[in-house]
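Here are some friendly notes to read alongside the model. Take the points in order, and keep the 3D view open as you go.

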Amino acid sequence: MTLRDAAAQVRENAYAPYSRFQVGAALRTPEGAVHVGCNVENVAYPEGTCAEAGAIAAMCAAGDREIAEICVIADSPEPVPPCGGCRQKIAEFARPEVVVTLCTTDGKEKRMTVAELLPGVFTQAHMART
Ligand code: THU
């Protein structure tokens, strides 16, 4: 199964009664394991948890720590880029050159790198003097 197919499949499980905007994400590790996540909203925080954050949580829960490739899919007119918080979460586990593929359910695709999504990323190196 392609990463896009895995993301599209898990998107079907998204719990998005407030935004009605279902998102799926699938990532592959360097070892070839695939981890998936969907957005999950709640009444107190209607934006809920993003699909990308869900996939990253599943990856960590499985004991993996590195993203080699990640794909996000939504039923939007144009491929939806990850929110600011998710960009930082992806950058925590992916090298700057890792490809993030943004897809729409009707077949559009946009490929970006982690560095393009989050230029000037805050890293541990910025805390070198502490
Ligand atoms: N959402 C994601 O899951 N990933 C994104 O990249 C963009 C936004 C979700 C969060 C919320 O449940 C809904 O989409 C609307 O913001």
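Predicted model: local features only at pLDDT ≥ 70, side-chain atom pairs only at ≥ 80, totals over all residues.

1. Let's start with the cysteines. A disulfide is a pair of cysteine sulfur atoms within 2.5 Å. By the distance rule, the count here comes to 0 disulfides.

2. Residues are numbered from 1 along each chain as its sequence is written, and side-chain values use heavy atoms, leaving out hydrogens and water.

3. Is Cys-86 buried or exposed? Buried means under 20% relative accessible area, exposed over 50%, and partly exposed in between (1.4 Å probe, protein chains only). Cys-86 is buried, at 1%, whereas Cys-83 is partly exposed, at 37%.

4. Cys-86 also belongs to helix α3, residues 84–93, where Ile-90 and Phe-93 are buried too. (Helices are DSSP runs of H or I with at least four residues, strands are runs of E with at least two, and both are numbered from the N terminus.) Seen down the axis of α3, the buried residues fall within an arc of 65°, so they line one face of the helix; the arc is that of the directions from the helix axis to the C-beta atoms. The face turned away from this buried side carries the exposed residues Gly-84 and Glu-92.

5. Now look at the ligand. Among the residues surrounding it are Phe-21, Asn-39, Glu-47, Cys-50, Glu-52 and Cys-83, where a residue counts as near if one of its heavy atoms lies within 4 Å. Which atoms lie by the oxygen atoms of the ligand? A polar side-chain atom of Asn-39 is 2.9 Å from a ligand oxygen, and an N or O atom in the side chain of Glu-52 is 2.6 Å from one. Glu-47 takes part through a polar backbone atom, 3.1 Å from a ligand oxygen.

6. Finally, find Cys-50 in the loop between β2 (34–38) and α2 (51–61). Cys-50 is partly exposed, with a relative accessible area of 26%. Its C-alpha atom is 8.9 Å from that of Ala-25, 25 residues apart along the chain.

How values were computed
Polar contact = N/O pair within 3.5 Å; in protein donor to acceptor, adjacent residues only side chain to side chain.
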